Amino acid sequence: MKTRTSLLTAAVLVAGLAVGPSVLPAAASAPAVPTAASTAAPSPGPALEAAIAGLPRADATAALVRVGGKEGVWRGSSGVHDLKTGRPADPAARFRAGSVTKVFTAAVALQLAQEGRLDLDRSARSYLPELIPAPYAGVTVRQLLNHTHGIPAPDFPGTTVEEAYANRFQVHDPEDMVRSATSKKREFAPGERQHYLNIGYTVAGLLIERVTHDSYERQVARRVLRPLGLRNTYLPGSAPRIAGPHNHGYQTMRLDDGTTGLRDVSVWRATDGWAAGDIISTTADLERFTEALFEGRVVRGPLLEEMFTLPEVTDFGTGEPAAYSVGLSMKVLGGREVWGKTGGRWGYNAAIASTRDGSRTLVYSVNSTDAKGQGMNRTAESIMVAAYGRP
């Protein structure tokens, strides 16, 4: 399969974020005042202030933003810690980072490849013969990581946010999710198309466990979190609560009285995401991780290029050029390539991003009320455009 690293105007760095109608209760309509500090008066400062001003509003209740790199530093927060008290959002709060988890998983897998313990060109079935059935024997480790594997999504109970909320404490076993997915007909032959799904990273998490004889969580901690000093980042397992200070997340949905409004969704088990989407972090930790990753201090040597190489295939759903590499995705913003990863859990959207040379990095957390929809959250989109420019 050919690969490419050229400009990709149709790539979707912002996939997985959402937009939709919602109404804040009147008691929460008073906006919090944005707070920001700048050490180099970077040009995106005014646009970033405008992007997060006026929170809470219909699409988001809080936002935390950090811009760094050679071009200057900017920090900002806006909104509320929770709608009940209305006190200002905590800029150091932890949050659910969703699919940003995939970057950590990909980094660990590439480290193992560098050590010769995981072969990117070897089949996943050769590592997990009892779990991956014969129809998926051709899927390689690299294809799992760049979403060209053709494995469909597993089945989960319910299809609406209300049904998801009713099942929010259910524990999902990774092996059961893989069995559910691989019991179905493949979407396409491995390596022929790209379809962004969590399942490839669920398998990748199991591969990490198989070759290290250790838990996925301990490997991420040993290889990434502790070496970088990411003390406020952790993988929650089956724990439904965010440990430590955090701003509450809210989701628009049908309430018990039949009306549509906001429900506090801060307490929610994320076992359906696991190695694809359950990490909890802070903007400061994710900024440190992003800087280290792009400087080659997490994945070293030639294997880092896997994260900046897009497969030369088309998207399974749209027919557009592939947008995802191993762990990251790319979009041209303001005339330059921006690489990164977005993530969404109910009530939370997050992203890490950087130019390849590290001249401008971005990390944000938005407590969005419309997470996991089909479009991009308005506040999140405004932050991305303010930091880098329009597509």
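Guide: Happy to! Angles under 35 degrees count as roughly parallel, over 145 as roughly antiparallel, 65 to 115 as roughly perpendicular, and the rest as oblique. This is a predicted model, where local features need pLDDT of at least 70 and side-chain atom pairs count only at pLDDT 80 or more, while totals for chains, interfaces and linings use all residues. Residues are numbered from 1 along each chain as its sequence is written, and side-chain values use heavy atoms, with hydrogens and water left out.

Let's start with the helix pair. Helix α2 (residues 101-114) and helix α8 (residues 216-228) have axes that come within 10 Å and cross at roughly 80°; helices are DSSP runs of H or I with at least four residues, strands are runs of E with at least two, and both are numbered from the N terminus. The axes are lines fitted to C-alpha atoms, for helices over the stretch in contact, with angles from 0 to 180 degrees between N-to-C directions. α2 and α8 are therefore roughly perpendicular to each other. On the α2 side, the contact (heavy atoms within 4.5 Å) is made by Thr 101, Phe 104, Thr 105, Val 108, Gln 111 and Leu 112. Their partners on α8 are Tyr 216, Gln 219, Val 220, Arg 223, Val 224 and Leu 225.

Now on to α1. Its buried residues (under 20% relative accessible area with a 1.4 Å probe, protein chains only; exposed is over 50%, partly exposed in between) are Gly 45, Leu 48, Ala 51 and Ile 52. These residues cover an arc of only 120° around the axis, taken from the directions to the C-beta atoms, which puts them on the same side of α1. Pro 46 and Ala 50 are exposed on the other side. The buried residues of α1 pack against β3, β4 and α10. After α1 comes Gly 54, with a positive phi near 80°.

That brings us to the charged side chains. Counting a salt bridge as a side-chain nitrogen of Lys or Arg within 4 Å of a carboxyl oxygen of Asp or Glu, the total is 19. One of them joins Asp 59 and Arg 378 at 3.4 Å, N to O. Asp 59 sits in the loop between α1 and β3 (60-68), whereas Arg 378 belongs to helix α10 (residues 378-388), 319 residues apart. Asp 59 is buried at 5% relative accessible area, while Arg 378 is partly exposed at 45%. Arg 57 joins Asp 59 and Arg 378 in a network of salt bridges.

A further salt bridge, 2.9 Å from N to O, links Arg 336 with Glu 71. Arg 336 is in strand β13 (residues 336-345) and Glu 71 in the loop between β3 and β4 (74-79), so the pair ties together parts 265 residues apart in sequence. Both are partly exposed: Arg 336 at 25% relative accessibility and Glu 71 at 33%.

Leaving aside residues up to four places away in sequence, Ser 359 touches Gly 68, Gly 69, Lys 70, Glu 71 and Arg 336.
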